[in-house]
Amino acid sequence: MQAVIIAAGESSRFWPLNKEHKSQLYLLGKPIIYWTIKGLLENGIKDIIIVCSKDSTIPPMLEKENDLGAKLTFVVQEERLGTGNAVWQAREFINEPFLVVWPNKVNAGEIVKKILEEKNRKNAEVILVGAETQTPWDYGVARMAADGARVAEIVENPERGKEPSNIKIIGLYALEPDFFSYYEKIPRHHESDFIDGINLYLKEKKGSLVTLEQDVPALKYPWELFGILDILFGKAESQQIIAPSAKIGEGTVIEGPAYIGEDCDIGSHNVLRGPLHLERGVKTGAFCEIKHSIVQEGTHFHSGYVGDSIIGENCRFGAGFIAANTRLDRNTIHSVVKEKKIDTGLTHFGTIVGDNTRFGIHSGTMPGVLIGKDCIVYPGVHVFENMPDCSVLKASA
């Protein structure tokens with residue numbers, strides 16, 4: 001089989017970590033898309049087409065990181081015209097049965113194994129992957145044929161109470177090369193044209209459904225990185241991975257799953273509570289506590305507390321910084337994304353900080369606050385609302 005990885009989206013809802021495509025963010029020392037490619041290779045799928053946006057930095061990044069032996073072909077989606085159009089860009093390179101994969105499927109190895117088993121068992125021409133959901137009206141869900149033996153249709157955002165099932169379809173599909181001749185027949189260049197193409201295809205082809213026991217985070221919002229990290233730690237050979245060049249200070253305690261990358265310098269008497277990810281070159285001072293967080297390359301902390309937070313590259317945190325991570329009433333925490341208030345579903349969630357942002361001493365953030373790239377927060381200031389990129393927040397007079 002071949003595979004098409006769709007990595008051409010804008011990642012606008014992933015702000016403030018959307019400097020590049022969200023699949024380029026590093027976890028366990030490699031970009032997220034790397035782990036998806038690795039899963040494909042584990043199942044013998046080496047011929048992989050990656051659809052990128054124009055000016056994407058994914059090709060040079062993967063040329064540097066491709067130590068897996070994959071045959072990678074890069075194609076460009078010039079305009080953001082939806083998933084169907086992105087898959088269409090790969091058509092001239094497809095000559096075998098192929099998978100359509102989203103780059104955040106870091107457990108692709110397990111999923112693809114189930115797909116191949118299903119294909120061999122039922123000789124299906126179309127295979128969809130689904131997982132149970134309690135809110136099927138928010139997704140595209142599977143409608144099975146009357147005999148229950150095959151999937152007949154994907155119903156997008158069904159009316160509440162009239163859902164054909166509670167199985168939402170996730171971003172991994174198995175198709176045949178003739179899919180493109182069906183896709184050509186539908187009205188195109190709209191958000192759901194890929195689903196329309198699959199539904200037309202299912203009318204004449206044998207479709208099957210693989211249902212997963214565990215859902216895969218869609219990675220629509222940045223806090224969903226916590227779920228991706230959990231999956232990777234579940235696959236890691238060791239729950240604590242400490243690079244040989246990392247330095248751990250005297251009296252420091254590391255609890256639970258942790259990744260501490262190359263050239264990290266952890267100060268004395270730190271408390272590091274996993275699941276925790278510290279990318280290359282992260283430094284901390286004495287008496288620093290970091291709990292259940294993801295920190296990217298080159299960020300430095302002095303002392304203080306960071307809980308349930310995601311921090312970009314090359315940020316600086318002055319002494320006494322505190323990232324509050326729970327509400328006083330212990331209810332779920334909301335964040336504002338693209339001017340819309342979103343319930344994260346998390347009762348423990350600190351902050352998300354973009355690259356190159358600096359905090360003065362004794363500053364802090366309230367739960368669910370998003371802070372952009374290249375920002376400055378002055379000493380003693382506590383951030384209660386989102387900060388746009390390149391903004392400055394000073395204490396009021």
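**Entry 1: Glu339 and its loop**

I started at Glu339, which sits in the loop between strand 27 (334–337) and strand 28 (340–343). Here helices (H or I, at least four residues) and strands (E, at least two) are DSSP runs, numbered from the N terminus. A note on what I am reading: this is a predicted model, in which local features need pLDDT of at least 70 and side-chain atom pairs count only at pLDDT 80 or more, while totals for chains, interfaces and linings use all residues. Residues are numbered from 1 along each chain as its sequence is written, and side-chain values use heavy atoms, with hydrogens and water left out.

Glu339 counts as exposed because its relative accessible area is 80%. My scale is: buried under 20% relative accessible area, exposed over 50%, partly exposed in between (1.4 Å probe, protein chains only).

**Entry 2: Asp374**

I then looked up Asp374, another non-glycine residue with a positive phi, near 55 degrees. Asp374 lies in the loop between strand 32 (369–371) and strand 33 (376–377). With a relative accessible area of 38%, Asp374 is partly exposed.

**Entry 3: cis peptide bonds**

Next came the backbone around two prolines. The bond from Trp15 to Pro16 is cis, with omega near 10 degrees, and Pro16 belongs to the loop between strand 1 and strand 2. The bond from Gly274 to Pro275 is also cis, with omega near 5 degrees. I found Pro275 in the loop between strand 17 (271–273) and strand 18 (276–278).

I stayed with the loop between strand 1 (2–7) and strand 2 (26–27), where Ser11 lies. Is Ser11 buried or exposed? Ser11 counts as buried because its relative accessibility is 10%. Leaving out residues up to four places away in sequence, Ser11 touches Asn18, His21 and Lys22; contact means heavy atoms within 4.5 Å.

Ser23 is found in this loop between strand 1 and strand 2 too, and at a relative accessible area of 1% Ser23 is buried. Which residues does Ser23 touch, not counting those up to four places away in sequence? I listed Ala7, Pro31, Ile32, Ile33, Ile58 and Pro103. I also checked Ser23 against Tyr34: they are 11 residues apart in sequence and 8.5 Å apart in space, C-alpha to C-alpha.

**Entry 4: Lys205**

Lys205 is in the loop between helix 6 (193–204) and strand 11. I wrote Lys205 down as buried because its relative accessibility is 15%. Setting aside its neighbours within four places in sequence, Lys205 contacts Glu125, Val126, Asp178 and Tyr182.

**Entry 5: salt bridges**

I used this rule: a salt bridge is a side-chain nitrogen of Lys or Arg within 4 Å of a carboxyl oxygen of Asp or Glu. How many salt bridges does the rule give? The count comes to 18.

I looked at Glu118 in helix 4 (residues 108–122), where Arg121 also lies, 3 residues apart from Glu118, about one turn of the helix. Arg121 and Glu118 form a salt bridge, the closest N and O atoms being 2.4 Å apart. Lys122 lies in helix 4 as well, 4 residues apart from Glu118, again about one turn of the helix. Lys122 and Glu118 meet in a salt bridge at 3.4 Å, N to O. The burial values for these side chains went into my list:

- Glu118 is buried, at a relative accessible area of 5%.
- Arg121 is exposed, at 56% relative accessibility.
- Lys122 is partly exposed, at a relative accessible area of 32%.

Lys38 and Glu42 form another salt bridge, with the closest N and O atoms 3.1 Å apart. Lys38 is partly exposed, with a relative accessible area of 30%, and Glu42 is partly exposed at 45% relative accessibility. I also noted that Lys19, Glu313 and Asp355 are linked in a network of salt bridges.
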